[in-house]
Amino acid sequence: MRTPIIAGNWKMYKTLHESVDFVRELAPRLAPFTGVERVVCPTFVALAAVAEALKGTDIKVGAQNMNWEAQGAFTSQIAPTMLQGLVEYVIIGHSEVRAYLHETDEDINRKVKAALAYGLKPIIAVGESLAQNEAGETEQFVGGQVRTALNGISADNMRNIVIAYEPIWAIGTGKNASGDLANSIIGGTIRGTLAQLYGNDVAQSVRIQYGGSVKPGNMAEYMSQPDIDGALVGGASLKVDDFTQLVEAAAKAKGV
Ligand code: PGA
């Protein structure tokens, strides 16, 4: 069985102190739901303090991006060597990083390889724009993103990778994809691509999240879908009550 995974992507929200206070309040609330893997992804400046505050809990920490180089003259960048030992997960390919920092599919592939090389688990985000969706290009586009991101990645490494399907038109807009639509892209397109690349056993074993305006009110709709294994959550992960309800809904729907 695939263990459900809910990751909170805090984006550029919460100061250092707010981040620490938040996880101190959140950790005991999430403690009962041990069947769900729970991850928070604060800003870089809060990572160390949040990791420290979560010591002794089973809540994991993730980064929101990284460079693929081990070190070097790359002003402003964070290397995988700096995340090693500090976080378990790293979000790679978020649509905001693709759009604002001009990250390409090839960059994403380099980052995925670097993350794995340093023992970090990538959460690879993929998803189509509204225009692509309306033009009926979703399957081809998302399938292509998955293929390029995973270029040269072995089947063995797939157990350390999570994929997040996040249609761009659903992120932060309140216009979430229906559970059926998300399940068909995740189960059909993404698992279908994984099956072509690695065979059906691997395709069935990889965890795939939905992301885009996930809220306590629609979480059950996603978690009741057979191919959706969790959520990558922005806005609703910034509130303790909402985050707790999301994890609770996942635990209930998946029976864990
Ligand atoms: P949202 O963001 O939940 O606020 O739509 C999701 C994401 O960007 O990962």
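The largest pocket is lined by 18 residues, and those nearest its centre are Phe44, Gln64, Asn65, Val97 and Leu101. A pocket here is an open set of points on a 1 Å grid over the protein atoms alone, with protein on both sides within 12 Å along at least five of seven lines, and a lining residue has an atom within 4 Å of a point. This is a predicted model, where local features need pLDDT of at least 70 and side-chain atom pairs count only at pLDDT 80 or more, while totals for chains, interfaces and linings use all residues. Residues are numbered from 1 along each chain as its sequence is written, and side-chain values use heavy atoms, with hydrogens and water left out.

The volume of the largest pocket is about 530 Å³, a volume being the space filled by probe spheres set on the points, which are joined across faces, edges and corners. Helix H4 gives the most to this lining, 3 residues. Helices are DSSP runs of H or I with at least four residues, strands are runs of E with at least two, and both are numbered from the N terminus. By class, the lining of the largest pocket has 8 nonpolar, 8 polar and 2 charged residues. Nonpolar means Ala, Val, Leu, Ile, Met, Phe, Trp, Tyr, Cys and Pro, charged means Asp, Glu, Lys and Arg, and the others, Gly among them, are polar.

The second largest pocket has a volume of about 210 Å³. It has 19 lining residues, with Lys11, Ile171, Gly172, Gly234 and Gly235 closest to its centre.

A cavity is a set of points where a 1.4 Å probe fits but cannot get out. There is 1 cavity of 30 Å³ or more, and the largest cavity holds about 40 Å³. Among the residues lining the largest cavity are Ser95, Arg98, Gln145, Glu166 and Ile171. Helix H4 (95-100) and strand S5 (121-126) each supply at least two residues of that lining.

Helix H1 (residues 16-30) and helix H2 (residues 44-53) pack at about 25°, their axes 9 Å apart. Axes are lines fitted to C-alpha atoms over the stretch in contact, and angles run from 0 to 180 degrees between N-to-C directions. H1 and H2 are therefore roughly parallel, a term for angles under 35 degrees. Contact means heavy atoms within 4.5 Å; Leu16, Ser19, Val20, Val23 and Arg24 of H1 meet Val45, Ala46, Ala49, Val50 and Ala53 of H2. That contact divides into 8 nonpolar, 1 polar and 1 charged residues.

Technical notes
Angles under 35 degrees count as roughly parallel, over 145 as roughly antiparallel, 65 to 115 as roughly perpendicular and the rest as oblique.
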